[in-house]
Amino acid sequence: MFTSSSNIEELIRCFHLEDSMLRYSSFVPRLYNYCRSLGFEPGRILPSRAFCSDESQGYPTILIAKHFGTFPFNHGRGGAIVATQRHAPFAEHGQDLVIIQASHVGYDPETTEFGRYRRIHAEQAGHSTSCGKLAGVIARYQREYQFAQSGVLLESCGGSLCVCIDNGLLRGNRTEGLFLNLSRLAERDSEGEFTPVRTYSTAKSFVASAALQRQLPELHLREGERLPIGAHLKPKMFFFRRDLDETPEGRDQQELGLISAMPWIVTSPHPLLTAAQVNTQVEFDRAFRTAAQAPSFQGKRLLYVSGLNIDISPQVGETFPTTNFVPWAAYFQDRDGRQRILEQPELLMALLAQSEENPDAVDLEAAISVMAESDMVRFGVVASGQESPRPQTPA
Ligand SMILES: [Zn+2]
């Protein structure tokens, strides 16, 4: 997916969060009106959602049902992976189609922490991780990063700053784990080799690279003194490898999408926010292609919108979280085959240009009352040994 570490850094950097956020209650009617502006026909629009299975995603789903007048088709798997094999049945169920794909991250306003979410229905109404699926995926990488932070030490060798690296991290014949980009950490000798200046029983020490020395101008170590590299172990200094199932939408799909960006995720001040953001970006880049090529979508209007759901923990007594949406990118195709990608600023502007008023919104309470009060349908199913029922007029 990514070709170099600079590309990953740039992709993460160009996702604007703070100034691009919409409340869900504002986003969904604007999205509906945007669809209308593209020619989507009221009563013939079918939305779908590719959300995580977390119950916190229920509030956005209810708002989609309210504004689009129908419950959205389920296009998502745990962790907000788009189930692209479901394109065909989805296409069959509606004339004009909308896919809303969003990863999610919790936010706790009390501690201002991303990735934490209060489970008000749990026994002690305590907090847990959100997205829990992403937390499970990144945990192993966080541990490996922590090990490397203490396995790479800074020391002084005859007045030069050196990096003393645990032999376990230098072993190149591993197939999995954290691997150091030695050229970012250590200086090559005159023959272009990484030659240790000191060898210990379980580690080797190299002269620190010029870049690392520039990063630590204030560091003055005494001979024999050692300091773990800690937070100075930056994303471009390492990468991860893991033997993953590469089957499209196989069991490791999520990890496969995130592994190149994992150094930025584990070093982020908000790892679960960065993970959810990258998941949204990677999934859009992957799944929009499948949508653009799917025969089932040909000749149909399709708007595929991706973004990030930020679930602000509900307080005890509140029914739903306050969910915000950060749009990332969209893909539109018209019936005649014209296609267009909208980048984040264009998509945000397109949404902001729309009204929050939606005259087609459904009163869900009224709709539920109608269903509860409507006549009961009788089925002509006959149990064995019984007489065939006569058609009945409901009471
Ligand atoms: Zn989740």
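Student: Is the crossing of α2 and α3 left-handed or right-handed?
Tutor: The α2/α3 crossing is right-handed. Helices here are DSSP runs of H or I with at least four residues, strands are E runs of at least two, and both are numbered from the N terminus.

Student: What should I know about the model itself?
Tutor: This is a predicted model, where local features need pLDDT of at least 70, side-chain atom pairs count only at pLDDT 80 or more, and totals for chains, interfaces and linings use all residues. Numbering starts from 1 along each chain as its sequence is written.

Student: Back to the helices. At what angle do α2 and α3 pack, and how far apart are their axes?
Tutor: Helix α2 (residues 24-37) and helix α3 (residues 58-68) pack at about 35°, and their axes are 9 Å apart. Axes are lines fitted to C-alpha atoms over the stretch in contact, with angles from 0 to 180 degrees between N-to-C directions.

Student: Which residues make that contact?
Tutor: From α2, Tyr24, Ser25, Val28, Pro29 and Tyr32; from α3, Tyr59, Pro60, Leu63, Ile64, His67 and Phe68. Contact means C-beta atoms, placed from the backbone, within 7 Å.

Student: How do they divide into nonpolar, polar and charged?
Tutor: The α2/α3 contact has 9 nonpolar residues, 2 polar and no charged. Ala, Val, Leu, Ile, Met, Phe, Trp, Tyr, Cys and Pro count as nonpolar, Asp, Glu, Lys and Arg as charged, and the others, Gly among them, as polar.

Student: New topic: domains. Which ones does the assignment give?
Tutor: Domain 1 (5-127 + 254-373) and domain 2 (141-241). The bounds come from an automatic or database domain assignment.

Student: How far apart are their C-alpha centres?
Tutor: The centres of domain 1 and domain 2 lie 41 Å apart. Their contact takes 8 residues from domain 1 and 9 residues from domain 2.

Student: Which helix gives the largest share on the domain 1 side?
Tutor: Helix α10 (residues 262-266), with 4 residues. The side of domain 1 that touches domain 2 divides into 6 nonpolar, 2 polar and no charged.

Student: How many residues are in the largest nonpolar core?
Tutor: That core has 94 residues, and Val105, Val163, Ile265 and Tyr304 have the most contacts inside it. A nonpolar core is a set of buried Ala, Val, Leu, Ile, Met, Phe, Trp, Tyr and Cys residues joined through C-beta atoms within 7 Å.

Student: Which helix gives the most to it?
Tutor: Helix α11 (residues 271-293), with 10 residues. The core draws at least three residues from each of domain 1 and domain 2.

Student: What does Tyr304 touch?
Tutor: Leaving aside neighbours within four places in sequence, Tyr304 contacts Ile99, Gln101, Phe288, Ala291, Ala330 and Tyr331.

Student: What is the phi of Ala80?
Tutor: Positive, about 65°, although Ala80 is not a glycine. It lies in the loop between β4 (76-77) and β5 (81-82).

Student: Why does Ala80 count as buried?
Tutor: Because 29 other C-beta atoms lie within 10 Å of Ala80. Buried takes 20 or more such atoms within 10 Å, exposed 12 or fewer, and partly exposed is in between; C-beta atoms are placed from the backbone.

Student: And what about Glu249's phi?
Tutor: Glu249 also has a positive phi, about 55°. It is partly exposed, with 17 other C-beta atoms within 10 Å.

Note on methods. A crossing is left-handed if the near helix is turned anticlockwise from the far one by less than a right angle, and right-handed if clockwise. Two residues are in contact if their C-beta atoms, placed from the backbone, lie within 7 Å.
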